[in-house]
Amino acid sequence: MAASHSAPWHILRPGRLEYGAAWRLQQGLVRARQQGRIGDVLILLEHPPTYTIGRRGTRDHVLLDPAELARQDIAVYEVDRGGEVTYHGPGQLVGYPILDLRGRGRDVHTYVHGLEAILIRTLGDLGIAAATLPGIVGVWVGLEKIAALGVRVSRGVTSHGFALNVTTNLDHFTGIIPCGITDKGVTSLLRVLGRPLPLDAVADAFLARFLEDYPGPAVD
């Protein structure tokens, strides 16, 4: 039987973690959550430069050849989340909720739209007016994406999540076709605000808004 969704949240903030290690961590937590051995978990971290290819993505949307990827020290992973190709890197807040949707009355679409809404409220707290665009998953400032989302749900338990550009090197997005979209751009909090914000402060702001939608005592 799954653990109650009212169990305490476990908040993991490991700092910068290699993508493969973070993926293996998620997989282990998902199994434990499915078996009811742990409560819900939220991982907040950042990655070294990495391109990930989701289930709807194709390798040809990574525009750099292997030699150039090696020169720039960018890893590439084909992963089991939804969506296409995206970038992760330093200065980007990545969130991986490992939570049991069963008993919460939420399907995957409601969950994804809820994450978008939490990110929009977080950005509003930080002085940025953001929104969604019809028919496109993600959070936008005008026609520039500031946060990408791609999730997986297995036996009712979520993994993967969102990536919010804080002080991210946006030049690395030119090495891919982000989420298969060619007619819109990407942006960051740094670009919109004109000043850097500490990643930990942005993570704190997100966490406060996240726990409004998924309340419960948080355990570090």
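Rings of Phe, Tyr and Trp (its six-membered ring) are said to pair if their centres lie within 6.5 Å, and a pair counts as stacked with planes under 30 degrees apart, as edge-to-face over 60, and as tilted for the rest. In this structure, which is a predicted model, there are nine aromatic pairs. Two of them are set out here.

| Pair | Centre to centre | Angle between planes | Arrangement |
|---|---|---|---|
| Trp9 and Phe210 | 5.1 Å | 75 degrees | edge-to-face |
| Phe162 and Phe206 | 4.5 Å | 40 degrees | tilted |

The pair of Trp9 and Phe210 links distant parts of the chain, since Trp9 belongs to strand E1 (residues 9-16) and Phe210 to helix H5 (residues 199-213), 201 residues apart. Phe162 lies in strand E10 (residues 157-165) and Phe206 in helix H5, so this pair ties together parts that are 44 residues apart in sequence. Trp9 and Phe210 are both buried, and Phe162 and Phe206 are buried as well. Together with Tyr214, the residues Trp9, Phe162, Phe206 and Phe210 form one aromatic cluster.

The second topic concerns Glu116, which lies in helix H3 (residues 108-125). Glu116 is buried yet has no salt bridge, and the nearest side chain of opposite charge, that of Lys145, is 8.0 Å away. What does the side chain of Glu116 make a polar contact with? The partner is the side chain of His113, at 3.1 Å. Leaving aside neighbours within four places in sequence, Glu116 is in contact with Thr132, Ile136, Val137, Gly138, Val139 and Leu149.

Conventions: Residues numbered from 1 in each chain as written. Predicted model: local features only at pLDDT ≥ 70, side-chain atom pairs only at ≥ 80, totals over all residues. Heavy atoms only, no water. Helix = DSSP H or I, 4+ residues; strand = E, 2+ residues; numbered from the N terminus. Buried < 20%, exposed > 50% of the residue type's maximum accessible area, 1.4 Å probe, protein only. Lys, Arg positive; Asp, Glu negative; His and termini not counted. Salt bridge = Lys/Arg side-chain N within 4 Å of Asp/Glu carboxyl O. Polar contact = N/O pair within 3.5 Å; in protein donor to acceptor, adjacent residues only side chain to side chain. Contact = heavy atoms within 4.5 Å.
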